[in-house]
Amino acid sequence: MCENRCHDFRKMCYTLSTPQERVMMDLRRDAIQNMINWKNDDERKPLVLRGARQVGKTWLMKEFGKNHYNNFVYFNFDEEDELKSVFEANKNPQRIIELLSMINGEKILPEETLIILDEIQECPEALNSLKYFKEKANEYHIVAAGSLLGTLLAKPKSYPVGMVNLLDIYPLNFSEFLEATDPALFVYYDSIQKEQQIEEIFHSRLLETYNNYLIIGGMPECVASWIKHKDPARISQIQRELIEVYENDFSKHNGRVNSGRILMVFRSIVAQLAKPNEKFMYGAVREGGRARDFEEAIECLVSAGMLNRVYNVSKMEHPLSAFDKLDQFKLFIFDTGLLKHMAGIDNSAILLKTDYQFKGALTENYILQQFRGQFEVEPRYYSDKNSEIDFVLQNGIEIIPVEAKGGEDKSAPSFKRYIADNHPEHALRFSKRGYRKDRAITNIPLYLARKTKELL
């Protein structure tokens, strides 16, 4: 009888793929290599994947387990409440392993079986148990993930600070998107090296893929749908449904931050980025709004991976973080395709090379999305009464000014003035122009933004 119950339970929480996961099978994610490195690290700790809902965390964990372990076991706290009792009643890792093995119907072996704990935010005791595995049973390989996991940072009793390795998961970057949608063109793209001349035929095709990326974005379900159906209407529907999922998630938020304020901040981003200087203004969220009203909501969205924050700096010097103006920042959506949908930009505006009000903001959102994870120090921007630099990168001790252009326009007086006054080793302009050196400025096609560090 017990064996039958365990078998039925196992069918519910083991490795059956969802329809979304099945259409994602051909997507290759760069994060897999990070996970392989984690597995081979003798000092590894339980691994926690952080990122917004639907960026592919579950698929990544299962794909990793399938290809790099003899076996893997999958447990989802959102689908099966009974799992929680295992962790609520036990703090001994060996006892937890025994119970999970019984549920699974097969023994969980150290180093050979990958233990996957999904939607772990639904069981704070399970999240807290990771520190006991690190201290007493680190021979077991555990990966965990959860949506809005960042909100748990406010609960120190639950979050095992210093006892886990963290890996941030983002939507597909342009490189991953290109490999998934046009493998042959990706081979050429992947071979591009510093100062290489790019033939016009390839430049045109890569720009076309860049335009598609602005429309589709990097959400795995959108990319998989595009590969299968090539239907823009389906993409738009998926994006609309994703935004509804996120907004419903905000309403479920049970922390000390008002869920209504989280929703208000999220919905204000398009209007914030439509302003001439794009700087986040609390009064644009609600008339008379102040920092104390919305700063916790912003922190919640940033820590949950929903928004990317870029601080203004008072000086473009090393180390950048020392010059952050903490009260001056811009907020961008974590996926450019979702921002395009939220802004209501018609596909024709992107595909027909027309100018539109939101073009600069969409381009900057894209550039920032490609920069994520490339540099140890997060990008900043510079703005004062007289000038503005779109992005400022720190590569080692070098400070690099960056200009982002949505078309082929070269005008950028603040950017050129900074170069003339400071003579930086590198100055980068991203645009739809070809890859070339233009005096002190290196013009990099927008589709190469993901290879920025490689091309320096």
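**Close-up views of a predicted model**

**View 1. Helix 10 and the residue after it.** Gly-217, which follows helix 10, has a positive phi near 75 degrees. The structure shown here is a predicted model. Helix 10 covers residues 200–216, 17 residues in total. From its first C-alpha to its last, helix 10 reaches 24 Å, close to the 24 Å expected at 1.5 Å a residue. Its buried residues include His-203, Leu-206, Leu-207, Tyr-210 and Leu-214. In an α-helix, residues three or four places apart point the same way because there are 3.6 residues a turn.

**View 2. Salt bridge between Glu-179 and Arg-28.** The structure holds 24 salt bridges. In this one, the N to O distance between the side chains of Glu-179 and Arg-28 is 2.5 Å. Glu-179 belongs to helix 8 (residues 174–181) and Arg-28 to the loop between helix 2 (19–23) and helix 3 (31–39), so the pair ties together parts 151 residues apart in sequence. Glu-179 is partly exposed, at 22% relative accessibility, and Arg-28 is partly exposed at 38%.

**View 3. Salt bridge between Arg-29 and Glu-176.** The closest N and O atoms of this pair are 3.3 Å apart. Arg-29 sits in the loop between helix 2 and helix 3, and Glu-176 in helix 8, 147 residues apart. Both Arg-29 and Glu-176 are buried.

**View 4. Salt bridge between Glu-119 and Arg-53.** Here the closest N and O atoms are 3.8 Å apart. Glu-119 lies in the loop between strand 3 (113–118) and helix 7 (124–136), while Arg-53 lies in the loop between strand 1 (47–50) and helix 4 (57–68). Glu-119 has 12% relative accessibility and therefore counts as buried.

Definitions and conventions. Residues numbered from 1 in each chain as written. Predicted model: local features only at pLDDT ≥ 70, side-chain atom pairs only at ≥ 80, totals over all residues. Heavy atoms only, no water. Helix = DSSP H or I, 4+ residues; strand = E, 2+ residues; numbered from the N terminus. Expected span 1.5 Å × (residues − 1). Buried < 20%, exposed > 50% of the residue type's maximum accessible area, 1.4 Å probe, protein only. Salt bridge = Lys/Arg side-chain N within 4 Å of Asp/Glu carboxyl O.
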